[in-house]
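Please read them with the structure open beside you.

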Amino acid sequence: MARNKFDVDEVLESPFSFAHLKRAAVYIRRHRLKMLFALLLSVFASVAGLFGPKIMEWTFDIAIPKGDISLLLWLALAYTAIIAIGILFTTARSRIMAYVSQSIIYEIRRDLFAHLQKLPFSYYDSRPAGKILVRVINYVNSVADMLSNGIINSILEFINLAVILVFMFTTSVTLSWIILAGLPVFIAVLLIIKPRQRRAWQVQSNKNSNFNAYLAESIDGVRVTQLFARQEVNISIMRRLIDACKKAWLTAIKISNCVWLSAELITALVFVLMYIAGVYWLGGAIVSFGVIIAMGQYVSRFWQPIINLANIYNMFINNVAYLERIFETMDEPVVVDDAPGAAELPTIKGDVEFKNVTFDYEPGINVLENMSFSVNAGQSIALVGPTGAGKTTIVNLISRFYNLTGGEIVIDGEYDISKVTLHSLRSQMGIMLQDSFIFSGTIMDNIRYGRLDATDEEVIEAAKAVRAHEFIVEMENGYYTEVKERGSRLSAGQKQLISFARTLLADPKILILDEATSSIDTKTERLVQDGIRAMLRGRTSFIIAHRLSTIKSCDRIFYIADKGIAEAGTHDELIKKRGLYYKLYTAQLPEAETSVIGN
Amino acid sequence: MFRIRWLWQNTDKKSRAMFVIAMVISAVTSVALLINPFLTSILIDEVIVAKNTKPLIPLLLGILTAQALRLLLRYVMVIMLENSTQKTFTGLRYRLFTTLQYQEIRFFDTYRTGDLMTRLTGDLEWCRHFMSFVSYTVLDSVLMFSSTLVFFLMISWKLTLAVAAVTPFLLYITHRYSKTIRPYFIAMRERLSEMNTAAQENIAGNRVVKAFAREAYECGRFDEKNNSFRSTNLEINKMWLKVFPAIEALANFMTLATVFLGGFFIIQKQITPGELAIFTSLSWALSNPMRNLGVLINDIQRFFSSANKVIEIFYSRPLIVDREDAVDHPNPKGHIEFRNVSFSFRNTKVLEDVSFEVREGETLGIIGPTGSGKTTIVNLLARLYDVNSGEVLLDGCNVKMWKLQQLRSAIGAATQEVFLFSDTIDGNIAFGDQSLTEDEVRDFARRAAADGFIGRMPEGYQTIVGERGVGLSGGQKQRIALARALAVRPAVLVLDDTTSALDMETEKYIQEQLAALPFKCTKIIISQRVSSVKDADQIIVLQNGRIAERGSHQELIRQRGYYWETFALQNDIPADFNSAAGLRAGVR
């Protein structure tokens, strides 16, 4: 699996195509009525605005020369009315569009987040968290304006352009062509700039993503950094990343700013050409000076929308780099998903059967091969064996964190886990992982994560069962003490106890404990075992542990090696067998002791 | 204003000069906007009206040159401004990151990752925007407004006064608006930070989310943050749209007043039509700056609320720093002493009156219940926290008198919760000492029993591991962490529960390796397993932050206390087992 690290740019899997725009259209289409309405408001506002010059004309041509003060007042009133209408419409449009653009951000972000929830572990394992985060937060913010106001404004500018074209051509066809002649030049300039500009902004988004990744990592790993007194090295790495951001930004800015620069320069050139043509070539005879003056004004009135469009286009090019990343994430395949027509898994008893299960993380390198076993409801199974033999893989497969390469896993003798909904499957399992993750929030909330509708009493009961209650009540706010994700407030053992309580609270039919108690002292562990014994009755459990005391108390022990189960049986059976398990067991005990125990 | 001063203070001399030059260019080019309308009016009068083609070319050349010059200057101005801003912005990012790196651990117990990230990205971005855009736009607007006003005054003070009468209203409205909107921007920034935190924790905790099938719940929770971010933004827009019509009306009033009052004055013969023409043709030079002002108020307020958040981090200073009279320790020996050390965390006692001594080259074993303060001992030794009372000494010198860099370099720790960087395995092992050769890295990996599984990976030592070592098993992570600690060849080697996820054979192998390290070191072994600490020269049992038992393995077995109980539990001996066999087993 190709993994990415903080200082490696991500290769864009799907370069930009119009398909991206089509997908963006989904978000726009939802608001098309509102946007259409906003567009109409803008059109009305500018139509109302067109009367402004007319009123001015009357003011200067009629009212003032005549000295008619009452007409002047009436005209002033009319002008005020036009302004008022304009303001009203503009305000209404602004209100609607604020809602639309905020909603587009909201919806894209919601969908992106929801999609991320479905992505497999491997997605998260293969890239720095900061690179995912920057897409959800920063990139989404950037594209909203382009997808809302950007679209409306470009439509308005096109309308403007069309209206002015009509005025221009009715005034002077020849001179209009001269004004238009600048357009191909500008388009040529754009075509030259565009690939560089796009590339520059892609580089910029990559560098920014790298910066984010390393920042997130450095905050999370600060304890290690300080323990190893590595700040200087990290800072120099960061300096490199920051400088790369700066360089990329300045390059992109230099290119992007050429767009308005060339548009304005072309405008000036066209203006000059138009006058030269008007005066010399056509001579005063064909073109009256009124026409020339009018056309002089049209030059800027024609080119202003084009400059505006160029700016919108600029924004578009800049943000497409972000849009690409967003859609790339949304396109990330959901590997483990509900099968079509998947049924809800009813409340289960807890029988688990592996039928010829084969699994690999990378094609060709099987971790498990043709593994078959069957566990009855209520049994507890210990998985032992050398590290890396695939114990964690087995429990991950039961919860269907991965799809099998071959074979099937059946629950209660009739439900193939790949044919039921993930939610109904996993919500009946209690999985306690190697890393105990603590969310920011109170301890109460952290335990309640296991069952959201649990009462405070139930939470406390679970905490008591795992012997976490004692240390929790000693904290300043007891169960309402705020803890942080990577805070050093809790010791590793305490975090394990809290996630243990969380798992128990989930009231699972199948319990999976992956090194759940490795950081907990033996005495507490024993107390925990006593405490949860009653709770475990009738539940199937899979326990990965290295501690003999934990292993021994299980109904059956599977020794995992060589892509399958090498030995299986109860503790006593396996000891008698004097095989791999016996070797593992005796390795832990003082030699003098083995004779006593073995008997 | 202190926020602007802060930005300025963090701009170096060259960038300040560039910034000032850019501002001057901006001022000149914005006033120069008036040149072309002026030249064009000459063109119309002299060429078209006078039907005289002679001055046409020079005038057009003048227009073209003026415009081209103005545009190019404008471009140069933007690039200069971007350059100086980027310099400052980059410098701030760098300084902030440095501050974060040296912040004590207590700081990170207070701030969430997502919140810190917001400050260094989104908030800083608003500072950048302020410096590279708001700055010159404000200048342009003010300049344009005031120069036009002066120009108008010279023509007709009466009309100017009438037109300018709206200015106080405008100032009042914007002033009031900027006050009311401030809390909204602060709230919006908070919402953003909360949303960032929610997403960040969701990504970091994605395994737990999946394990509990909480995807829908997480979506709901995120939706709440996402939605409240939207609502706050919409509220801001609503507030803005309350003043927008007023600002717009005032701006339009200027045109209205110019034309109609001007018309009235003409009728009254107070001004000439030509004078009014200048007023009307330049009324935009008054109304546009006014419109800009409103938009800029939003940007400025947003800058203020973001800058506050950045400045808070910028000026936060760790309490744990090198003392001025810190002693130089170029060759740490590894003699450790704790003298009556007590430590509490927010009024919860963690360690109380802990004293022990480990001589150079000796091994200390620490065992004790969950949360008894074992890891805290390491934290205090490495001065991640400072003691509340008592003294921690390394080589006979209080750790507070050590230089932090030297102190921490003297300690190599394999921590309980393994954090790896998203780097190659090679890079992770050489984390504390980048000068290691590949062979050395391999050697330390071998000693940590990691060479085997690393070698089996398709890309071997060049395999990139995820953050926190995701994708590796617990045992694999622990072994890489151990190799990383060994690789700095420290005077004090700390193993904090480093073998808990390893099987017994691997642990035994590692113990043998630790006994024969190629460098001399004092070892602190924290473990839940008696088998890990039993060979230590000295073992202490921590209970509720106090040393409950201490001695060698044999002595502790005889004491029949916590240590014995744990030993008995781990070795399947009934705790009340008193037979000779059991005792023999224990004291072997």
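1. In this predicted model, strand β1 (residues 352-362) of chain A pairs with strand β2 (residues 365-375) of chain A in the antiparallel sense, over seven bridges. The two strands, β1(A) and β2(A), form a hairpin with two residues between them, and G364(A), which sits in the turn, has a positive phi of about 95°.

2. Chain B contains an open sheet of six strands, in the order β6-β7-β8-β3-β9-β10, and its pairing is mixed. Its edge strands are β6 (411-414) and β10 (546-551) of chain B, each of which pairs on one side only, and the twist from one strand to the next averages 15°. At one end of that order, β6(B) and β7(B) pair in the parallel sense over four bridges, with A414(B) standing opposite L495(B) in β7(B).

3. Helix α22 (residues 562-570) of chain B lies across β3 (363-367), β9 (538-543) and β10 of chain B, and it runs at about 95° to β9(B).

4. Which residues have the most contacts inside the largest nonpolar core? That core has 127 residues, and the residues in question are L133(A), V140(A), V143(A), L147(A) and I326(A), together with C127(B) and A199(B) from the other chain. Leaving aside residues up to four places away in sequence, I326(A) touches I108(A), L112(A), R135(A), Y139(A), V140(A) and V143(A). Another core, of 86 residues, lies apart from the largest one and includes I417(A), L425(A), A465(A) and F500(A). In soluble globular proteins, nonpolar side chains tend to be buried together.

5. Contact between the chains involves 140 residues of chain B and 143 residues of chain A. On the side of chain B that touches chain A, helix α10 (residues 215-267) of chain B gives the most, with 25 residues. The residues on that side of chain B divide into 65 nonpolar, 48 polar and 27 charged.

6. Phi of R578(A) is near 55°, a positive value in a residue other than glycine; R578(A) is placed in the loop between α20 (571-577) and α21 (580-588) of chain A, and it counts as exposed because 11 other C-beta atoms lie within 10 Å, where the limit for exposed is 12 or fewer. Phi of R489(B) is likewise positive, near 45°, and R489(B) is found in the loop between α18 (474-486) and β7 (492-496) of chain B. With 19 C-beta neighbours inside 10 Å, R489(B) counts as partly exposed, since a buried residue needs 20 or more.

7. Finally, a point on confidence. The mean pLDDT of chain A is 85, and 94% of its residues reach 70 or more. Within chain A, confidence is highest in strand β4 (residues 406-411), at 94, and lowest in helix α22 (residues 591-598) of chain A, at a mean of 38. Over residues 591-599 of chain A the pLDDT is below 50, and this stretch has twelve contacts in the model beyond near neighbours in sequence.

Key
Residues numbered from 1 in each chain as written. Chains lettered and ligands numbered in written order. Predicted model: local features only at pLDDT ≥ 70, side-chain atom pairs only at ≥ 80, totals over all residues. Contact = placed C-beta atoms within 7 Å. Nonpolar A, V, L, I, M, F, W, Y, C, P; charged D, E, K, R; others polar. Pairing = 2+ DSSP bridges. Core = buried A, V, L, I, M, F, W, Y, C linked by C-beta atoms within 7 Å. pLDDT = per-residue confidence, 0-100. Axes fitted to C-alpha atoms, helices over the stretch in contact; angles between N-to-C directions.
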